[in-house]
Amino acid sequence: MDAATAVAEYGGSAQAVQYHYDVGRAFYQLWLDESLTYSCALWTHGEDDTLQLAQQRKIALHIEAARAASADSVLDIGCGWGGLLRQLSACGTGKRIVGLTLSVDQAAYVRSMKLPGAEIRLESWTHHTPSAPYDAIISVGALEHFAKPDDTIEKKVAMYRDFFRRCSDWLAPEGRMSLQTIAYGTMKREEASEFINTEIFPSADLPTLGEIVQAAEGVFEITTVWNDRLHYARTFAAWAENLRRRHDEAVAVVGEELTRRYERYLTQSSVGFMMGKIGLLRLALRLVSRKWSTLAKP
Ligand SMILES: C[S@@+](CC[C@H](N)C(=O)[O-])C[C@H]1O[C@@H](n2cnc3c(N)ncnc32)[C@H](O)[C@@H]1O
């Protein structure tokens with residue numbers, strides 16, 4: 001499928017997501033870490049840190065923020081190739097774990113792991129109807145796909161609000177949520193890269209922190225916000241270096257043009273985070289729309 005046919009749908013288009021992720025797992029395996037985590041890592045160990053440990057640490061941060069280790073049921077919206085679900089299932093048995101993705105390859109791959117208690121759905125959050133409430137919801141790197149470049153700001157905020165409202169409805173009373181997304185930083189929407197918008201992530205637009213805050217108002221209390229943009233600069237730099245090192249293998253898998261296109265995207269993104277044009281938000285959220293919330297523990 002080419003970028004032009006990756007048409008828009010409310011809350012994220014399956015075609016647009018498949019255009020990006022179903023390029024082929026063999027390609028992503030060449031430059032992501034072994035867990036195939038495709039989102040910003042958490043680097044804490046200086047020069048000696050490794051991509052794999054930094055990804056595990058990031059996943060642990062979200063599990064902690066959503067209190068998911070002790071939860072009986074957890075929803076992962078945008079589960080990718082299952083790195084978080086696998087780490088979560090190692091936290092204890094008996095959990096109900098539901099992962100949503102729009103990528104055919106990701107769904108098949110995560111199902112093949114046969115994680116105990118896991119249900120992997122090839123489904124958008126806009127079509128999800130849980131069979132029972134969740135104790136925790138985690139979403140890492142999916143919100144970037146929900147809005148379209150030609151949506152009005154009002155439409156974007158209304159859609160993010162719909163997302164938060166649904167998550168709130170799906171959570172048990174003391175449920176928590178942890179969210180990670182790229183957001184506009186100093187760069188304005190009108191200045192967004194034509195190359196990224198057409199050739200890498202067609203039919204997608206980033207949020208701003210202000211839009212997220214507005215959309216969550218009265219539905220979730222935002223208890224913590226981190227802007228870890230330098231962590232994403234380093235993650236993209238690590239991916240770019242991996243891809244450059246395995247250039248010839250990548251060309252054998254997806255061809256010269258796509259390999260060069262990704263080398264450009266990974267390097268350009270690293271610089272964008274470094275300069276602050278784009279930011280990386282990690283947010284911990286607590287429900288506010290229930291009477292008990294004023295009594296909830298910190
Ligand atoms: C950048 S990947 C991140 C995957 C994973 N969370 C990680 O950190 O590796 C984005 C994920 O969001 C999913 N996604 C995008 N739009 C979605 C939607 N509307 N509903 C459910 N999943 C969606 C994609 O299928 C993909 O799995």
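User: Is S203 buried or exposed?

Analyst: Keep in mind that this is a predicted model. A residue counts as buried under 20% relative accessible area. S203 has a relative accessible area of 15%, so it is buried. S203 is found in the loop between α7 (194-200) and α8 (209-216).

User: What is the phi of S203?

Analyst: Start with the general idea. Most residues other than glycine have a negative phi. Now the case here. S203 is not a glycine, yet its phi is positive, about 60°.

User: Where is L36, and what is its phi?

Analyst: L36 sits in the loop between α2 (25-31) and α3 (51-65). Its phi is near 60°, a positive value in a residue other than glycine. L36 has 3% relative accessibility, so it counts as buried.

User: How do I check the span of helix α3?

Analyst: Work out the expected span, then compare it with the distance between the end C-alpha atoms. At 1.5 Å a residue, the 15 residues of α3 should span 21 Å. The end C-alpha atoms of α3 are 21 Å apart, so the two agree.

User: Which residues of α3 are buried?

Analyst: First, a general point about helices. An α-helix has 3.6 residues a turn, so residues three or four places apart point the same way. In α3, the buried residues are L51, A54, Q55, R57, K58, I59, H62, I63 and A65. Their cover includes α2, α4 (83-89), β4 (134-140), β5 (171-184), α9 (229-245) and β7 (278-287).

User: What does Q55 touch?

Analyst: Q55 lies in helix α3. Its relative accessible area is 0%, so it is buried. Leave out residues up to four places away in sequence. Q55 then touches D33, T37, S39, C40, A41, T235 and W239.

User: C40 is on that list. What is C40 in contact with?

Analyst: C40 lies in the loop between α2 and α3. C40 is buried, with a relative accessible area of 0%. Setting aside neighbours within four places in sequence, C40 is in contact with Q55, K58, Q180, D228, H231, Y232, T235, L280 and R282. C40 and V157 are 117 residues apart in sequence and 24 Å apart in space, C-alpha to C-alpha.

User: Is E47 buried or exposed?

Analyst: The cut-off for exposed is over 50%. E47 has a relative accessible area of 75%, so it is exposed. E47 lies in the loop between α2 and α3.

User: What span should α9 have?

Analyst: Use the helix check again. The 17 residues of α9 should span 24 Å at 1.5 Å a residue. The end C-alpha atoms of α9 are 24 Å apart, which agrees. Buried residues of α9 include H231, Y232, T235, F236, W239, A240 and L243. What covers the buried residues of α9 includes α2, α3, β5, α10 (247-254), α11 and β7.

User: Where is L266, and what does L266 touch?

Analyst: L266 is found in helix α11 (residues 256-275). L266 is buried, with a relative accessible area of 0%. Not counting residues up to four places away in sequence, L266 touches W31, F236, W239, A240 and L243. L266 and E144 are 122 residues apart along the chain, and their C-alpha atoms are separated by 16 Å.

User: Which residues come nearest to the ligand?

Analyst: Of the 22 residues around the ligand, Y38, S39, G78, Q106 and V140 come nearest. The shell divides into 10 nonpolar residues, 11 polar and one charged. α1 (14-21) and β2 (96-101) each supply at least two residues of this shell.

Definitions and conventions. Residues numbered from 1 in each chain as written. Predicted model: local features only at pLDDT ≥ 70, side-chain atom pairs only at ≥ 80, totals over all residues. Heavy atoms only, no water. Near = heavy atom within 4 Å. Helix = DSSP H or I, 4+ residues; strand = E, 2+ residues; numbered from the N terminus. Nonpolar A, V, L, I, M, F, W, Y, C, P; charged D, E, K, R; others polar. Buried < 20%, exposed > 50% of the residue type's maximum accessible area, 1.4 Å probe, protein only. Contact = heavy atoms within 4.5 Å. Expected span 1.5 Å × (residues − 1).
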